[in-house]
Amino acid sequence: MKHHWFPIKASLCLFMLATLTVYGEEPAPAPQVETQSAQEQKPGTEPPTSSAPAQTAPGQQGQTSSLFGKSSPANDAARYLAGLPVLPGSPIAALAQQPSWQAHARAMNQAFVQLEQRQLSNIRVFRAENIAPVTQQSHTCLYLFSGPDFLYADAMFSDCSTFVLQGLEPLVPLPDLATVSPAALAGTLQNIEISLNAILSFSFFKTKDMREDFERSQLKGVLPAIFVFLARTGKEVNGVDYISLDKSGAVAPGFQGATRGAKITFTDSATGSDKVLYYFTSDLSDDALKRNPGLLRFCEGLGPSNSLLKAASYLLHEGGFDTVRNFLLQNSAAVLQDDSGIPVHYFTQDKWTLRFFGTYTGPIDLFKKFFQADLRQYYAASAPKPLTFGFGYRWSSRTSTMFLAVKK
């Protein structure tokens with residue numbers, strides 16, 4: 001039976017917005033993406049980003065610009081879509097002179113500055129103190145049910161050199177932006193702002209709306225969103241290879257295999273290290289994995305991972321997703337998640353060390369049947385550290401739930 005969680009997440013977001021006072025949660029200041037902003041961008045200047053400014057790697061002086069990053073078709077496209085200027089002389093540099101792009105840049109600057117202040121700066125402190133010291137065994141971040149959310153994978157596991165993301169959302173090759181009409185590009189930029197508004201406000205995507213936004217845009221699929229997150233977190237995109245997996249997990253060029261994907265190579269400007277991000281379109285239900293286990297076989301070949309689960313619709317709490325749940329338990333060196341991921345009773349004390357953060361009052365009403373009495377007991381007994389950022393469906397920092405399980 002094929003799973004259908006698109007309507008769940010869409011209904012969830014509308015439900016949350018309509019019932020904030022019922023839950024007693026104050027809305028976090030939502031970084032509304034608008035076409036005008038009080039922050040005006042001066043021509044030729046670098047808009048603020050959510051990470052350290054790009055630096056010129058040794059030996060590259062005169063070839064790259066610390067202001068604009070390296071010029072390549074993929075990196076230029078990522079910066080353009082993110083509202084960041086591209087290197088003068090790039091084939092698409094003239095596109096950044098369009099009023100629609102200027103408005104997009106102002107809107108993205110405002111949204112990411114607010115995100116930095118409210119979320120990312122706090123996550124970096126939390127990660128350095130609580131995650132990094134106990135997750136050094138693996139340099140792979142596995143983020144299933146993620147969609148294009150590289151933003152939180154990078155924030156939580158920035159020390160990793162390999163990232164694997166997965167979703168039902170389709171992967172469509174990006175066209176050469178220079179060949180796209182100005183009207184179509186303007187529409188694409190607006191769709192990017194709309195589709196990212198939920199994750200910038202609540203820390204997770206509105207899946208059904210996101211799928212519709214991507215299909216309506218000239219640039220379809222998840223790559224535009226992934227590119228935005230890469231550029232806005234200080235990454236230089238070196239290239240994109242379109243790949244696929246066969247049922248054994250072997251990689252083939254192009255979309256020949258049963259599982260479509262993309263391999264994005266990039267350089268982290270903060271450290272100068274080269275990294276890789278994979279995104280695969282894949283169904284992780286038990287029935288689908290019986291027919292095509294390629295993604296799990298591929299991930300198994302990467303070795304033990306640091307796994308991330310957030311706003312996962314409680315899919316791993318019921319039958320129908322036993323295979324992927326068991327895979328994560330067997331192949332993870334550590335699992336960082338909210339209560340919508342793997343139920344806490346699967347992390348037995350003989351195999352896992354548990355650390356709890358934030359608070360646990362139970363799921364929101366839409367998922368109230370997934371209340372975990374044992375998780376409530378853990379929180380009552382452990383006096384967990386408070387969170388200074390929102391995480392998951394309980395997206396206020398005062399009501400968010402997070403725990404880290406590290407394999408012994």
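Author: The bridge partner of Leu336 is Leu404 in β10. This is a predicted model, in which local features need pLDDT of at least 70 and side-chain atom pairs count only at pLDDT 80 or more, while totals for chains, interfaces and linings use all residues. Residues are numbered from 1 along each chain as its sequence is written, and side-chain values use heavy atoms, with hydrogens and water left out.

Strand β10 covers residues 401-407 and is joined to β8 by 4 bridges, the two strands running antiparallel. Strands here are DSSP runs of E with at least two residues, helices are runs of H or I with at least four, and both are numbered from the N terminus. Two strands pair if DSSP finds at least two bridges between them. Val335 likewise stands opposite a residue of β10, namely Ala405.

The other pairing to describe is that of β8 with β7 (residues 305-309), which is parallel and extends over 5 bridges. Within it, Ser305 has Ser332 of β8 as its bridge partner.

Strand β8 (residues 332-337) has 6 of its 6 residues buried, so the rest of the structure largely encloses it. Buried denotes a relative accessible area under 20%, exposed over 50% and partly exposed the range in between, with a 1.4 Å probe and protein chains only.

Contact means heavy atoms within 4.5 Å. Axes are lines fitted to C-alpha atoms, for helices over the stretch in contact, and angles between N-to-C directions run from 0 to 180 degrees.

The loop between α12 (373-382) and β10 holds Gly390. Gly390 is buried, at a relative accessible area of 3%. Its C-alpha atom lies 8.7 Å from that of Thr401, a residue 11 places away along the chain.

In α3, 9 of the 10 residues are buried, so α3 is largely enclosed by the rest of the structure. Helix α3 (residues 73-82) packs against α8 (residues 223-232) at about 90°, with the axes 8 Å apart. That makes the two helices roughly perpendicular, a label for angles of 65 to 115 degrees, with under 35 roughly parallel, over 145 roughly antiparallel and the rest oblique. Among the residues in this contact are Ala77 and Leu81 of α3 and Phe227 and Val228 of α8. After α3 comes Gly83, whose phi is positive, near 80°.
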